[in-house]
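Here are a few friendly notes to read alongside the model.

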Amino acid sequence: MTEEQPKKRMPRRRRQQRLMLAALIVPALTGAIGLAVIAIGQSQVYFYPPRDLPSPSELDGRTVRLGGMVVEGSIEQGLETDTSFRVTDYVETVTVVTNDMLPGLFGDNQGVVVQGTLAADGTFIAARVMAKHDENYMPAEVADALEESGRLEEYKKKGLVEQDR
Amino acid sequence: MDGSLMGEDFTLAITACWVISALCLGAIAAWAVARYRKVSGNDHD
Amino acid sequence: MKMLAFLANPDRFRRLTGPALPVTGLLATGLVLVGAVWALGFSPDDQVQGEAVKIMYVHVPAAWMAMAAYAFIAVASLIGYVWRHSLADVAAREAALPGFVFTLLALVTGSIWGRITWGVWWDWDARMTSMLALLFIYAGYMALWRAIENEGQAARAAALLAMVGAINLPIIKFSVDFWETLHQKASVIRADGPSMPASMLWPLAIMALGYTAFFAFHVMLRMHTVILEKRREARARPARAASTATISHPASDGSPSGEHA
């Protein structure tokens, strides 16, 4: 007995029924889930860039996140474990103070995401500091060679080399 | 703060990632081979 | 369609893929070994991450395979569901374990890598959350297969779950573009081409191919095993041997009520 014969005798209608059922249920559920995800995603803000950061009164002490680039030269070590620095999106700038340990990638002109509260005077008090890096990869040797050949500026503009080299 | 991890040693982390990957994939491969041997060993096909 | 019916016969499947088994197994081993040596011994450090970039060579292939395996399951589920192609159902079911393991590896290696670069082991951004969701979908899919006793019904339920869950794949892929995330954007599969030099792309590609060969090997081996197990089962029950000699759903025994989708 072969497997093919009974399958051919199985009504084509039934197969088409299943295809139609799948074609209805799957997109419907998929669409519903997709929309729900998008709706939830839009309602949550992962982090505010400095220009979109609400005022301290609007935030009312809520924990929020702020993301941007660390302004070159703005990092200052405090007396004990606190550090302050400024975060910018090249439109607005916010001053951040933190007690948290800083990640190794934290530095001038590096991406950063901080989580904490906004004080009344506009200073962001960060409980957590996370470094963010971009999707570009460049071998260290190549970056060195570019620096030597003087083509570093060209590559910096293309965003392929970190800014503080 | 130089914003770079160049020169830092991450041998432990790198080794952990590679070893965990090898162990997990090796484990399911070994399991699949064992199950196959078990069923094909006694088969007079 | 003819190709599908052609492959539906388990014996034919075994004859066709039998020689491919040791080849893919060796290919997987060879590629991963070469990729490992290249990545660990001969690839450059990154100007920003230093040697931490070497984690990429196991994290990225695992993440890619986590999604590829799921895509495989979704397609096989569709074929099995609509054409009642039981071998497709088996293929889907057996791809779940490697897919789950790839997802777990992506999450674990990603966590270690993130601790080094971002400073945190985990974050609930869109990329990481949707990958975690993938892990749960895999787990749910495997559980569903085991939960329903009737194999035909289990196949149908699992197929529907797999197909609906496929929406997660574009969500994962585009999460870093559609939402602000801690995880960076794509470095390889992107509109402007890879933002990675050849010296890193090559070992990455070899590792990815090795993982793909591994997946193919695992699924084929499992399918061979299941076919042989069912044959053994059929011989142990001679009265029903005629209808279970090849893999078939109980409903195709000719019962009048037939199949309900």
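This is a predicted model: local features need pLDDT of at least 70, side-chain atom pairs count only at pLDDT 80 or more; totals for chains, interfaces and linings use all residues.

1. A:L118 has A:F124 as its bridge partner in β6(A). Residues are numbered from 1 along each chain as its sequence is written, with chains lettered from A and ligands numbered from 1 in the order in which they are written.

2. Strand β5 (residues 111-118) of chain A runs antiparallel to β6(A), with eight bridges. Five residues separate the two strands in a hairpin, and A:G122 in its turn has a positive phi of about 90 degrees. Strand β4 (residues 93-98) of chain A pairs with β6 (residues 124-132) of chain A in the parallel sense, over three bridges. (Strands are DSSP runs of E, at least two residues, and helices are runs of H or I, at least four, numbered from the N terminus; pairing needs at least two DSSP bridges.)

3. Chain C brings 42 residues into contact with 42 residues of chain A, contact meaning C-beta atoms, placed from the backbone, within 7 Å. Elements giving two or more residues to this side of chain C are α1 (2-8), α4 (56-83), α7 (151-165) and α9 (198-236). The most come from α4(C), with four residues.

4. Seven residues of chain B and 12 residues of chain A make up another contact.

Note on methods: Two residues are in contact if their C-beta atoms, placed from the backbone, lie within 7 Å.
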